[in-house]
Amino acid sequence: MASKTFFFRKDYSIKEMEERIFAEDFIKVFKGYAAYVSDGEDEEVEINKRNCYRGLIASCIGDEERLITEMKRCFNTYGRKGDRLNVKLFVLEDFNFTLLDSVKTRIDDLVNNTRNIKEIDSLSHGLNDNIFLQAIEVSSNKIDFKYKLEQVFINTDLPIPTEEIKTIQIECRLYINTGIVAMFNPYGTATHTKNVLSIIHLLFKGHSPRFYEVNLDEAQLIMINLRLNGQVSSPKFTSTKDELRIDIYGLNEGNQENPFVKFVGDSQLEIYELTMTAVIHNHNCTVKLNGDGKIQIETFVTPEVLDSIILDLDWVVFTNNYYNDYNEKLNIFIKQINRGSLEALRKRKIKRIVDEFENLITTHIQRSLIFKELKLVTTIIFNIGIQLIDSDNFKYISKEVFENGHEIVSHYTEISDALSKYMILNKGLNKSESDKKAIYILSHLHSLIVESNGDGVKIIDSYEEWLKCQTQITTSIQQAR
């Protein structure tokens with residue numbers, strides 16, 4: 001079985017170089033060799049990449065060094081570096097990812113002395129296979145690990161069953177600042193992945209290895225696409241109960257008005273996988289990203305492309321309190337205030353509230369929201385509203401924001417009534433206090449929408465900047481006392 005790599009690519013075979021050079025560039029460099037495939041003097045040979053490559057090989061028979069030199073010259077000028085990206089993301093929990101000297105010494109010992117981790121008590125938590133750390137690469141904010149696993153099995157296909165060893169290689173990159181691990185595991189199982197994550201955790205902390213899969217809901221997938229400035233090409237949808245799946249291919253401006261596309265986009269079906277095109281680290285990429293935290297790019301890219309994606313993705317992963325589904329939250333709340341209410345009645349009430357949120361957004365921005373973006377912005381605004389209810393600092397809303405928004409938002413009675421009742425039931429406010437705070441919250445949400453022009457990224461950035469200011473105001477008031 002050929003060994004695949006992503007983080008530890010050092011050099012390229014002749015075949016790997018050839019497949020990483022686009023046909024146009026390959027022909028430009030080697031078109032003179034196409035004649036070497038001709039069997040007759042008068043035969044016209046088609047100038048294509050295949051014939052140029054066959055001719056080059058034919059001309060270099062007996063001189064492998066020349067073939068390598070010729071290919072490297074072309075590859076270094078025109079070749080696409082890297083490999084196909086196919087990783088799954090995890091997060092290691094609750095410890096400081098500082099590469100202390102003691103940790104670095106332990107890691108170097110495993111690599112330099114080819115130690116079997118299965119035999120090291122402090123690291124062998126749950127291990128059944130022999131496992132070796134073959135190599136590491138350390139930079140300022142990440143560490144790459146390369147593991148070799150040995151599985152002993154009985155080969156029953158032989159005349160006499162024989163014990164054999166199957167070797168599996170796993171590579172991963174730990175982003176030190178966040179604890180995100182990108183796992184490249186082309187041949188291993190989920191158990192192998194868990195074993196590697198456990199070892200990394202134990203190397204740093206020494207006990208209680210904990211980690212979880214990165215899972216992304218529809219709102220997070222859309223936000224990542226916006227952060228990457230991507231163009232959605234092929235979304236895949238599923239119903240909330242996973243009973244129905246629909247794939248849409250070729251989603252572009254030309255078919256946005258297609259009745260089927262509009263139906264799926266406006267329905268309760270949710271995106272669980274996005275395929276998007278984007279320019280990432282100067283690479284034109286088609287990125288496939290799904291809710292299970294898998295990232296795939298079928299063209300050849302370097303690990304720096306993954307790093308760029310992670311920068312935008314971890315911003316979404318670690319701000320997931322903005323993406324809680326509003327339908328679920330509203331349903332729980334309406335059950336709370338109307339015990340025994342019928343599901344149909346709750347759905348109608350939720351729809352009226354959501355319609356007002358969407359109107360609050362679309363009426364006060366100067367652009368059209370792209371496919372599913374309205375649902376994303378509604379989700380963000382709803383979750384900020386819930387956070388503001390819980391905020392002790394919200395009494396410091398500016399007079400200008402309140403005066404500019406009060407008259408406008410006073411017409412959004414479904415939202416203000418829901419916010420007010422929520423605060424009466426869950427925050428112990430009386431009706432006059434809750435009504436006033438509901439209008440304050442709506443005024444602030446209106447301000448965020450207008451200021452950002454409905455851009456979800458800017459809404460969160462503006463809100464978090466406001467939170468910092470409120471903390472500073474609170475601190476100053478407390479110090480003045």
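**Reading the labels on a predicted fold**

Modeller: Of the contacts in the chain with a separation of 6 or more, 65% join residues 24 or more positions apart, a contact being heavy atoms within 4.5 Å. This is a predicted model in which local features need pLDDT of at least 70 and side-chain atom pairs pLDDT 80 or more, while totals for chains, interfaces and linings use all residues. Residues are numbered from 1 along each chain as its sequence is written, and side-chain values use heavy atoms, with hydrogens and water left out.

Biologist: Thanks! How many helices and strands does the chain have?

Modeller: There are 16 helices and 12 strands, taken as DSSP runs (helices H or I, at least four residues; strands E, at least two) and numbered from the N terminus.

Biologist: What makes Leu 174 count as buried or exposed?

Modeller: Leu 174, found in strand β4 (residues 162–175), has a relative accessible area of 0% and is therefore buried. The cut-offs are under 20% for buried, over 50% for exposed and partly exposed in between, with a 1.4 Å probe and protein chains only. Not counting residues up to four places away in sequence, Leu 174 touches a set of residues including Leu 92, Phe 97, Ile 143, Val 181 and Phe 204. Val 138 is 36 residues from Leu 174 in sequence, and the two C-alpha atoms are 9.7 Å apart.

Biologist: And why is Ser 420 called buried?

Modeller: Its relative accessible area is 2%, so Ser 420 is buried. Ser 420 sits in helix α14 (residues 413–427). Beyond its neighbours within four places in sequence, Ser 420 is in contact with Lys 431, Ser 434, Asp 435 and Ala 438. Across the chain, buried residues make up 48% of the 481 residues.

Biologist: Now the helix pairs: why is α11 called roughly perpendicular to α12?

Modeller: Helix α11 (residues 343–362) and helix α12 (residues 373–390) pack at about 105°, their axes 10 Å apart. Axes are lines fitted to C-alpha atoms, for helices over the stretch in contact, and angles run from 0 to 180 degrees between N-to-C directions. Roughly perpendicular spans 65 to 115 degrees, with under 35 roughly parallel, over 145 roughly antiparallel and the rest oblique, so α11 is roughly perpendicular to α12. Phe 357, Glu 358, Ile 361 and Thr 362 of α11 meet Leu 374, Val 377, Thr 378, Ile 381 and Phe 382 of α12. By class, that contact has 6 nonpolar, 2 polar and 1 charged residues.

Biologist: What makes α2 and α4 oblique to each other?

Modeller: The axes of α2 (residues 23–30) and α4 (residues 64–78) come within 11 Å and cross at roughly 135°, and α2 and α4 are therefore oblique. Asp 25, Phe 26, Lys 28, Val 29 and Phe 30 in α2 meet Glu 70, Met 71, Arg 73, Cys 74 and Tyr 78 in α4. Those residues divide into 6 nonpolar, no polar and 4 charged. Phe 26 and Phe 30 also belong to an aromatic cluster with Tyr 33 and Tyr 53.

Biologist: How many aromatic pairs are there, and why is the pair of Tyr 463 and Trp 466 called stacked?

Modeller: The structure holds 12 aromatic pairs. The ring centres of Tyr 463 and Trp 466 are 5.9 Å apart and the planes are at 20°, so this pair is stacked. Rings of Phe, Tyr and Trp (its six-membered ring) pair with centres within 6.5 Å; under 30 degrees is stacked, over 60 edge-to-face and the rest tilted. Tyr 463 and Trp 466 both lie in helix α16 (residues 456–480), 3 residues apart, about one turn of the helix, and both are buried.

Definitions and conventions:
Ala, Val, Leu, Ile, Met, Phe, Trp, Tyr, Cys and Pro count as nonpolar, Asp, Glu, Lys and Arg as charged, and the others, Gly among them, as polar.
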